[in-house]
Amino acid sequence: MVKGNGGDCVPVGRASSRVLRESGMIRQVYRGTAKMNGLRRDDLDALFPGLLSALLDAAARQDGRIRSARRSTGTASRGV
């Protein structure tokens, strides 16, 4: 899971986490035996102003469309 500055958590696979960490998009902090990943939003916003907000807005709109389509067709939520 990667936690953004807004508190949103996003599941990330092991390989994806490595790529995000090595590219500098997330920071990893060890707390005891746990690894905590955090999005480096301030740094990313400085390099690419508005990009993360645009991506998150687009993802939210897409999620809304998917949920709306499922409700209208009566399809049960499968967490996809």
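**Reading a predicted protein chain**

Modeller: The protein chain exposes about 6,300 Å², and carbon and sulfur atoms supply 55% of that area. Accessible areas come from the Shrake-Rupley method with a 1.4 Å probe; for residues, only the protein chains shown count as cover. This is a predicted model, in which local features need pLDDT of at least 70 and side-chain atom pairs count only at pLDDT 80 or more, while totals for chains, interfaces and linings use all residues. Residues are numbered from 1 along each chain as its sequence is written, and side-chain values use heavy atoms, with hydrogens and water left out.

Biologist: How many helices and strands does the protein chain have, and in what order do the elements run?

Modeller: Helices (H or I, at least four residues) and strands (E, at least two) are DSSP runs, numbered from the N terminus. In this protein chain there are three helices and four strands. Read from the N terminus on, the order is β-β-α-β-β-α-α.

Biologist: What share of the 80 residues is buried?

Modeller: A residue is buried under 20% relative accessible area, exposed over 50%, and partly exposed in between (1.4 Å probe, protein chains only). Buried residues make up 14% of the 80 residues in the protein chain. Consider Asn37, whose place is in strand S4, residues 34-39. Asn37 counts as buried because its relative accessibility is 15%. The side chain of Asn37 is joined to that of Gln28 by a polar contact of 3.1 Å. Such a contact is a pair of N or O atoms within 3.5 Å; within protein, one must be able to donate a hydrogen and the other to accept it, and residues adjacent in sequence count only if both atoms are side-chain atoms.

Biologist: What share of the contacts with a separation of 6 or more comes from residues 24 or more positions apart?

Modeller: A contact means heavy atoms within 4.5 Å. In the protein chain, residues 24 or more positions apart account for 21% of the contacts with a separation of 6 or more.

Biologist: How many salt bridges does a search of the whole structure find?

Modeller: A salt bridge is a side-chain nitrogen of Lys or Arg within 4 Å of a carboxyl oxygen of Asp or Glu. The search of the whole structure finds four. One of them links the side chains of Arg18 and Glu22, at 3.3 Å from N to O. Both residues belong to helix H1 (residues 14-22), where Arg18 and Glu22 stand four residues apart, about one turn of the helix. With a relative accessible area of 43%, Arg18 is partly exposed, whereas Glu22 is exposed at 58%.

Biologist: Which residue forms a salt bridge with Asp43, and which with Asp63?

Modeller: Asp43 is paired with Arg40, and the closest N and O atoms are 2.6 Å apart. Arg40 is partly exposed because its relative accessible area is 27%; Asp43, at 34% relative accessibility, counts as partly exposed as well. Asp63 forms a salt bridge with Arg67, with 2.8 Å between the closest N and O atoms. Asp63 and Arg67 both lie in helix H3, four residues apart, about one turn of the helix. Asp63 is partly exposed at 34%, and Arg67 is partly exposed at 46%.

Biologist: How many residues does H3 have, and what distance does the helix reach?

Modeller: The expected span of a helix is 1.5 Å times one less than its number of residues. H3 has 23 residues and reaches 33 Å from its first C-alpha to its last, close to the 33 Å expected. Just after H3, Gly74 takes a positive phi of about 80°.

Biologist: Which residues form a nonpolar patch on the surface?

Modeller: Patches are made of residues with over 30% relative accessible area and no salt bridge; like charges are joined within 9 Å, and nonpolar side chains (Val, Leu, Ile, Met, Phe, Trp, Tyr) within 5 Å. Here Leu47, Phe48, Leu51 and Leu55 form such a nonpolar patch, with about 410 Å² of accessible area together. Leu51 is found in helix H3, which covers residues 51-73. Because its relative accessible area is 42%, Leu51 is partly exposed.
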